[in-house]
Amino acid sequence: MRCPQLPKEVVFREDVDNSVIIYKIMPGRAFRIRTKTKTEAEGIIKLLATLKKEQATIEMLSKVSGLDRTFVQKLCRELYKKILGATKVIYADSTIDQKPKLPDLELSVPLFLELIITYRCNLRCRHCLVGDLRYSEDADMPLELVRKIASEVRKYSIFEVVLTGGEPTIRKDFFTILEWLSDSGAFIAVTTHGLTLSRRKIERMRDYNIFKYVVSLEGATSETHDFIRGNGTFDAVIRTIERIRNYTESIIELNVTCGKHNIGEIEDIVNLAYRIGAQIVNFSRLRPWGWGASLRPYLLDSSEISFLNRKIKELREKYKDIYIGGDMPIMVERQAFVCDAMFAFTIQPNGNVLPCTTFEQLPTAEVILGNANNQDIAGIWNSEKARAMRRRIQHHSDVYHTCISAGCPIHSVCAKTYCLAEWFISTRTLSSDLSKCATYRT
């Protein structure tokens, strides 16, 4: 039996309790192999490293890893079935229809980080969540902090870094940041509005470890998109997406913010994505935060959110070659939903560490987990405050069934039922006390 070579987007590291974490960058899924001893874990790491380098026989793998040949053969088959076929998170001793137990989710350090390297932007999008933060004194993450984070990414084998903003590509030292993070070994995702990426810049960015561009698109027509982002931006972003497709091998993900202005274009947007070569389309609802507060008349009501989620399920069947992400995670109803904040955190330009970007709308001392300027990433991750936050996040989705039992008319479309950050922003408390919810009280 010969084993195929592991693709570059599959990475791994030794983790807590003599386990090995294997991470598939696309579609961002991970699972854990539990071992009895540290020696066995190290053997699996050697085996995986061999699979990354060459087409190896079972005998060679067994020799390199020091493991029994039969065990190696069985492990290889299981690994390839799980790694190369994984379309969801696989947890030890858990299935997709079960809510994983918290110990199964504990990691020594995050799987990925989201770095807000600037709040500045050269557009004035009407729904911008950052809003006036672009004018703050600490709008840019200091370069020395980026260097420190990059060194810790390497030290702890953090698999992925997402660069976001603001518009991260407008920094004059953007390529220095890309170089440091690429040298750390991490895969890099860049979020962008797309208007600063010339062909020359995109071709230069190929020299770095960018596996994905996350591009904002607000509609299927210039009228709809430009209503949010400004005149001429639709044509410009379509040209950028075509350049990314033509001059890189990176994944293209489109982020769409849904409101009354574009709810009628959902299928048209997916069709456009298919035609211009995007592999992922994610829909999220418009929020009345930041500058988005001025767009309250365009917020979706419960019936429109229901329509959006039904439409997304329908389009997933129709467009098999594109991953379509929905506003309401499909696993919420099964109580198998696990928030990304269980595996990552967000670092603001001033170094403050938050469980996720959504908490940025209300970054009180209660939700700031530490500061990366003077604290180590692993130290913050393993602090009691961060562990307590992850416990709250994991158990918060229990609220969903409580809302069903209470007969809440909007439980199936309410983000507060599964997202602790949405709950916190709405109720100003981390306690999952339904008496704090205005809808529940009525």
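Author: Two strands pair if DSSP finds at least two bridges between them. Helices (H or I, at least four residues) and strands (E, at least two) are DSSP runs, numbered from the N terminus. This is a predicted model, in which local features need pLDDT of at least 70, side-chain atom pairs count only at pLDDT 80 or more, and totals for chains, interfaces and linings use all residues. Residues are numbered from 1 along each chain as its sequence is written, and side-chain values use heavy atoms, with hydrogens and water left out.

Reader: How many helices and strands does the protein have?

Author: Both kinds of element occur in the secondary structure of the protein. The count is 16 helices and 15 strands.

Reader: Over how many bridges do β3 and β4 pair?

Author: Strand β3 covers residues 19-24, and its pairing with β4 is antiparallel. Within this pair, I22 has F31 of β4 as its bridge partner. The bridges between β3 and β4 number six.

Reader: Which strands stand at the edges of the open sheet?

Author: The sheet has three strands in the order β2-β3-β4, paired in the antiparallel sense. One side of each edge strand is left without a neighbour in the sheet, because each has a single partner strand. The edge strands are β2 (10-15) and β4 (29-34).

Reader: Are helices α5 and α6 roughly parallel or roughly antiparallel to each other?

Author: Helix α5 (residues 143-155) packs against helix α6 (residues 174-183) at an angle of about 15°, and their axes are 8 Å apart. Axes are lines fitted to C-alpha atoms, for helices over the stretch in contact, and angles run from 0 to 180 degrees between N-to-C directions. Angles under 35 degrees count as roughly parallel, over 145 as roughly antiparallel, 65 to 115 as roughly perpendicular and the rest as oblique. The two helices, α5 and α6, are therefore roughly parallel.

Reader: Which residues of α6 make the contact with α5?

Author: Contact means heavy atoms within 4.5 Å. From α5, the contact involves L143, V146, R147, A150 and R154. From α6, the residues are T176, I177, W180, L181 and D183.

Reader: Is N374 buried or exposed?

Author: N374 lies in the loop between β15 (370-371) and α12 (377-381). Buried means under 20% relative accessible area, exposed over 50%, and partly exposed in between (1.4 Å probe, protein chains only). At 62% relative accessibility, N374 is therefore exposed.
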